[in-house]
Amino acid sequence: MNDAEIRHALAGVEAEMGGALGVRASRLDGSDLLAWRDDERAPAASTIKVFLLVALLERVAAGEASLDDEVVLGRDDQVTGSGVLKALQTGRTY
């Protein structure tokens, strides 16, 4: 598929599902960048948790963080779809 065909397919998926997709992909060497609505903000679905956990474990392995570290929950951390975070008190350390 070429770039135009991929963009047409993405538009078709959006129309069929009634939503909006955001895609940013490239080959591992950085070539052949495909960007579709990649500059639009969107809530992170649960799958983002996997990538966040990997990033955290990489920081722990590098000695840059500890699994015992605590963070302060801010108001901006509580967004639509943020699950349990919506039930927690902002300004507290967790």
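How many salt bridges does the structure hold? In this predicted model, the count is 6. Confidence in the protein chain has a mean pLDDT of 89, and 96% of the residues reach 70 or more. Among the parts of the chain, helix α1 (residues 3–17) has the highest confidence, at 93, and strand β1 (residues 23–25) the lowest, at a mean of 89.

One of the salt bridges pairs R37 with E14, with 2.7 Å between the closest N and O atoms. R37 lies in the loop between β2 (34–36) and α2, whereas E14 belongs to helix α1, so the contact ties together parts that are 23 residues apart in sequence. The two partners fall into separate classes of accessibility. E14 has a relative accessible area of 8% and is therefore buried, since the cut-off for that class is under 20%. R37, at 34% relative accessibility, counts as partly exposed.

A second pair is formed by D38 and R24, whose closest N and O atoms are 2.5 Å apart. This pair also links distant parts of the chain, as D38 sits in the loop between β2 and α2 and R24 in strand β1, 14 residues apart. With a relative accessible area of 34%, D38 is partly exposed. R24 has a relative accessible area of 56% and is exposed, because this value lies over 50%. The loop between β2 and α2 thus contributes R37 to the pair with helix α1 and D38 to the pair with strand β1.

The side chains of R59 and E64 meet in a further salt bridge, at 3.8 Å from N to O. R59 is partly exposed, at 42% relative accessibility, while E64, with a relative accessible area of 53%, is exposed. Elsewhere, salt bridges that share partners join E14, R37 and E40 into one network. The buried residue E14 and the partly exposed R37 are therefore both members of this network.

Helix α2 covers residues 48–61, and R59 falls within that range. Just after α2, G63 adopts a positive phi of about 80°.

Note on methods. Residues are numbered from 1 along each chain as its sequence is written. Side-chain values use heavy atoms; hydrogens and water are left out. Helices (H or I, at least four residues) and strands (E, at least two) are DSSP runs, numbered from the N terminus. The expected span of a helix is 1.5 Å times one less than its number of residues. pLDDT is the predictor's confidence in each residue, from 0 to 100. A salt bridge is a side-chain nitrogen of Lys or Arg within 4 Å of a carboxyl oxygen of Asp or Glu. Buried means under 20% relative accessible area, exposed over 50%, partly exposed in between (1.4 Å probe, protein chains only).
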